[in-house]
Structures are given as C-alpha cells and as structure tokens.
Amino acid sequence: MRFLSTRGSAGGASLEDAIQHALAPDGGLYVPETLPRLDASALPAGDNLPDIATAVLVPFFEGSTLADALPQIARDALNFPAPVVSLGAQRDASVLELYHGPTAAFKDFGARFLGAGVEHLRPVPELDIPERTILCATSGDTGSAVAAAFHGRARTRVIVLYPAGGVSARQEQQLTCWGGNVEALRVRGTFDDCQRLAKAAFADTRLSAEHGLASANSINLGRLLPQMSYYASASLTHSRATGRRPSFIVPTGNLGNALACVWARALGLPIDDIVLATNANRTIPDFLATGAYEPRPSIATLASAMDVGDPSNMARLLAFAGDAAGVRRCVRAQSVDDAAIREEIAGTCRESGRIACPHTATALHVLRTMPEDERAGRDWIVVATAHPAKFERIIEPIIGRTVEVPATLAALLDRPAHATDIEPRLEALAAILRRNPPGGAA
Ligand SMILES: *Cc1c(COP(=O)(O)O)cnc(C)c1O
C-alpha cells in the first residue's frame with residue numbers, strides 16, 4: 001500500500017518512508033491511500049492480539065520490505081494483554097484496559113510496534129548515518145512508552161522533550177530513568193511548545209538529515225496502525241459473544257487512539273458509535289458544535305496527557321471524513337472538566353471499587369452523563385488509557401487510600417533519574433543533538 005499526505009500535494013510514499021519520516025514532504029501527515037474492506041468473519045477467532053494485528057495490518061504492509069516481518073513485529077511488540085472487563089454494576093458497559101504494557105499506558109502498543117518495526121527497517125546507507133535519532137515530544141505517557149520501546153536498541157538514540165511541571169512525578173520518573181541511548185529534556189514551556197520544537201527540528205532539513213531524525217509521536221503512522229488491533233480484538237470478541245457491535249468511548253487528546261478506532265470501523269470491524277471524551281481542552285467538541293476548527297493554547301488539567309489545544313491527528317480525521325459534517329457523522333465528543341473528573345474518580349470507586357486514572361475518568365463521566373436515548377440499546381466499552389498508579393498524587397486524596405503499583409511500574413520507579421533543562425528554542429535542541437549522547441548509542 002502507498003500512503004498519501006493529508007495536504008494532498010505529495011506523491012504516495014511507501015510504508016517505510018511513512019515510518020521513517022515524521023511528515024510528508026509537503027508538511028502534511030501520512031494517511032493510507034485506501035482503507036481496504038476486511039471480511040470480519042475471516043479474522044482469527046479468540047483474543048490473540050498478535051494474530052489479529054497481523055490479519056488486520058496485512059493490507060497496509062503489502063508491497064513493503066517489512067511485509068514478511070509483520071507477524072514477528074506483532075509478536076515482539078504486542079506481548080501483553082488488552083482485556084475487556086465488566087464495569088461492575090452497569091450491565092451495558094465494560095472497560096477495555098490498555099494499561100498492561102511496560103509503562104502502564106496505551107501508548108505502549110504503538111510505541112513497541114514502532115520500535116520493533118524500526119529494527120526491521122533497512123539501514124539508510126545513502127545518508128551515511130551511524131544512528132537514527134527518535135525525537136519525541138510528550139505530555140507524559142508518549143515519552144515513557146517510546147523510551148521503553150527503544151531503550152537499548154542498536155544504532156538508535158532517543159530524545160524525549162517534556163514540559164517542566166507538566167507531567168506527574170511518576171511520569172517524570174518514567175521519562176528520566178533510562179540512561180544509555182535515551183536522553184530526557186525538560187523544556188521550560190508547555191506541551192505545545194515541546195511539539196512545536198520537535199516540528200521545527202523535523203522541518204529543518206539539514207538538522208534532520210544530519211541526525212537521521214525520526215518521529216515516534218502519535219503522528220507516526222507506525223504507531224497509529226497497530227492501535228487498530230485492540231479495537232479489532234475487543235469488537236470481534238464482543239460481537240462474536242453477543243451478536244451485537246459495541247460502541248466505544250475514547251479519552252482523547254491528540255486523537256491518535258480515537259482515530260485508530262474510526263479507521264478500524266471503516267475497515268469493517270463490528271464497531272457501532274464512537275464517542276470522544278476530552279478534558280477541559282474543548283477544541284474538538286467546539287469544532288463539532290460550530291463547524292469551525294479553532295486551535296488554541298492548551299490548558300492544564302488533571303488529565304494532563306490530554307492537554308492538547310490543537311490535536312495533531314485532526315488533519316487525518318478531516319481527510320477521512322471530508323468536512324465538519326462528515327466528522328459529525330463519524331464521532332460525537334464531550335468535554336469533561338476537572339471537577340467532573342474528581343467526582344467521577346470518587347463515584348466509580350465508591351460504586352464498583354474500580355480506580356480510574358483521570359483520563360479514563362473523562363470517558364466514564366461521558367458514559368454516566370449520556371442522555372438515555374443515546375445510551376440505551378448499545379453496549380458500551382469505555383477505553384481505560386492508563387493505570388491509576390501513574391497518577392497517585394491526584395487519585396489517592398480523592399479516594400482516601402493508596403493505589404497499588406504494578407510490578408513493571410515499580411521496577412522503573414526504583415531506577416536513578418536524569419534530565420537536562422532546556423529553553424523551548426530550536427538552537428537549544430540543536431546544541432544537544434550535536435553533542436554526543438551521554439551513554440553512547442551502541
Ligand atoms: C496520550 C494519552 C491519551 C490521549 O491519547 P491521544 O491518542 O493523544 O488522543 C489519553 N490517556 C492517556 C493516559 C494518554 O497517555
């Protein structure tokens with residue numbers, strides 16, 4: 001398959017190109033040339049994620065040098081479960097838990113898949129680059145998932161940019177605990193500043209070529225595509241068991257997770273409604289209400305991994321849906337403020353004993369407040385994007401007890417941490433890039 005730019009002017013790119021380069025040459029984002037229709041009944045039975053991922057992704061890998069490696073990439077990367085569990089008292093609802101990977105957030109799926117995929121890319125001899133530099137702006141969970149996924153990989157250096165004061169203490173620990181080929185840069189600014197900085201570096205063709213810059217953000221197609229796998233697995237399992245298509249409520253920031261759900265449905269997977277839950281950053285709900293897309297600076301909320309004022313995958317959703325009316329036919333969206341997030345964490349814990357992270361709480365709140373005529377007659381799956389132990393400082397005072405830390409997370413919390421402070425300016429980042437990585441990327 002070929003991949004086109006959302007800006008439409010560039011010719012088609014190969015999967016390798018789309019994975020290797022952050023953006024299309026015209027500055028747009030890569031999207032699949034077509035979304036082929038799959039025969040859902042021919043997809044593998046059971047909930048073996050690597051098998052389902054392979055079956056769903058085959059058409060996207062067709063004609064690529066990575067095609068033969070797809071089953072191996074899927075097995076390497078998707079080596080942890082994505083269970084759907086019932087939401088206690090509410091019979092029409094369950095939760096898709098996407099936080100059983102190494103850094104306890106859904107971004108592990110895409111990051112690990114990309115890491116495994118990049119390892120299979122051919123070297124780039126014509127550029128004579130001794131190593132590739134993965135440059136990653138993060139509002140918290142992306143950076144740690146990417147660092148974990150690429151840590152120790154040969155010929156790859158990882159630079160993570162995160163906003164000073166914009167991530168939780170445990171998130172920061174997970175960004176800064178790696179060493180070796182991973183460097184954490186604490187940027188004096190917001191997440192939007194970090195994203196701007198990364199975009200500026202990629203757009204600087206000299207800098208980009210000099211360091212073999214590659215993106216691992218949610219704009220990278222190599223992260224988006226595998227995220228369809230858990231929607232495939234959850235929807236197939238549900239529809240085979242009940243004869244009904246589930247609807248999903250997806251906590252949304254940059255729209256990467258939700259877009260994978262939209263694409264999965266377009267492939268023919270048995271998915272009914274898709275509802276986006278945002279925090280107080282209302283760009284998407286406002287766009288759906290008014291039809292005018294108005295990006296704005298992000299505001300800080302309890303669900304900080306969703307603090308996005310200009311969702312980077314909006315261009316892809318628009319490319320898919322055509323225009324505002326098309327997007328409205330495709331998804332609904334609701335904004336949930338911090339007070340409601342707090343109430344939801346307390347309420348869910350009281351009613352079902354389930355402890356939700358602030359991001360997951362936005363989706364639970366959308367379900368709780370959904371008008372009866374929209375809710376009734378559908379089977380709802382709320383997407384849980386992170387383990388609550390990552391946000392214990394927010395959650396523990398609300399529920400009045402400690403959140404148990406999963407073993408994988410506990411191991412990361414014990415490692416020594418290091419970050420370098422920088423100003424949100426390209427020269428500052430360029431200076432770091434030109435410096436040899438501290439641990440040396442073997
Ligand atoms: C990144 C993230 C989100 C938002 O996902 P997008 O793909 O950016 O919409 C939601 N919850 C958590 C925990 C995250 O880390």
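A residue counts as buried when its relative accessible area is under 20%. The model I am reading is a predicted one.

**Entry: Glu183**

I looked up Glu183 and found it in strand β7, which covers residues 182–187. Is Glu183 buried or exposed? Its relative accessible area is 5%, so Glu183 is buried. I then checked what its side chain touches. The side chains of Glu183 and Arg157 form a salt bridge, with N to O at 2.9 Å. Arg157 belongs to strand β6 (residues 156–163) and Glu183 to strand β7, so the pair ties together parts 26 residues apart in sequence. I noted that both Glu183 and Arg157 are buried.

**Entry: Asp421 and Arg186**

I looked at another pair that involves strand β7. Asp421 makes a salt bridge with Arg186, and the closest N and O atoms are 2.7 Å apart. This pair links distant parts of the chain, since Asp421 is in strand β13 (residues 420–422) and Arg186 is in strand β7, 235 residues apart. Asp421 has 38% relative accessibility and counts as partly exposed. Arg186 is also partly exposed, with a relative accessible area of 24%. For the record, I wrote down that the structure holds 23 salt bridges.

**Entry: helix α7**

I followed helix α7 over residues 191–203, which makes 13 residues. From its first C-alpha to its last it reaches 18 Å, close to the 18 Å expected at 1.5 Å a residue. At the start of the helix, a side-chain oxygen of Thr190 comes to within 3.3 Å of the backbone nitrogen of Asp192. The buried residues of α7 include Phe191, Leu197, Ala198 and Phe202.

I also looked up a salt bridge in this helix. Arg196 and Asp193 form it, with their closest N and O atoms 2.5 Å apart. Why are these two separated by about one helical turn? They are 3 residues apart in helix α7, and that spacing gives about one turn. An α-helix has 3.6 residues a turn, so residues three or four places apart point the same way. Arg196 is exposed, with a relative accessible area of 53%. Asp193, at 19% relative accessibility, counts as buried. Elsewhere, salt bridges with shared partners join Arg245, Asp272, Asp273, Arg332, Glu374 and Arg378 into one network.

**Entry: Asp26**

I found Asp26 in the loop between α1 (15–20) and β2 (30–32). Asp26 is buried but has no salt bridge. The nearest side chain of opposite charge is Arg7, 5.8 Å away. A polar atom of the Asp26 side chain does lie 3.0 Å from the backbone nitrogen of Gly28.

**Entry: the ligand**

How many residues surround the ligand? I read off 14, and the closest are Lys107, Asp141, Gly253, Asn254 and Thr385. A side-chain N or O atom of Lys107 is 2.4 Å from an oxygen atom of the ligand. A backbone N or O atom of Gly253 is 2.7 Å from a ligand oxygen. A polar backbone atom of Asn257 is 2.9 Å from an oxygen atom of the ligand. Taken alone the ligand exposes 390 Å², and the protein buries 98% of that.

**Entry: Pro295**

I looked up Pro295 last. Pro295 lies in the loop between α12 (283–290) and α13 (314–321). With 43% relative accessibility, Pro295 counts as partly exposed. Its C-alpha is 28 Å from that of Ala184, which is 111 residues away along the chain.

Key. Residues numbered from 1 in each chain as written. Predicted model: local features only at pLDDT ≥ 70, side-chain atom pairs only at ≥ 80, totals over all residues. Heavy atoms only, no water. Helix = DSSP H or I, 4+ residues; strand = E, 2+ residues; numbered from the N terminus. Expected span 1.5 Å × (residues − 1). Buried < 20%, exposed > 50% of the residue type's maximum accessible area, 1.4 Å probe, protein only. Polar contact = N/O pair within 3.5 Å; in protein donor to acceptor, adjacent residues only side chain to side chain. Lys, Arg positive; Asp, Glu negative; His and termini not counted. Salt bridge = Lys/Arg side-chain N within 4 Å of Asp/Glu carboxyl O. Near = heavy atom within 4 Å. Areas by Shrake-Rupley, 256 points an atom, 1.4 Å probe, with all protein chains shown as cover.
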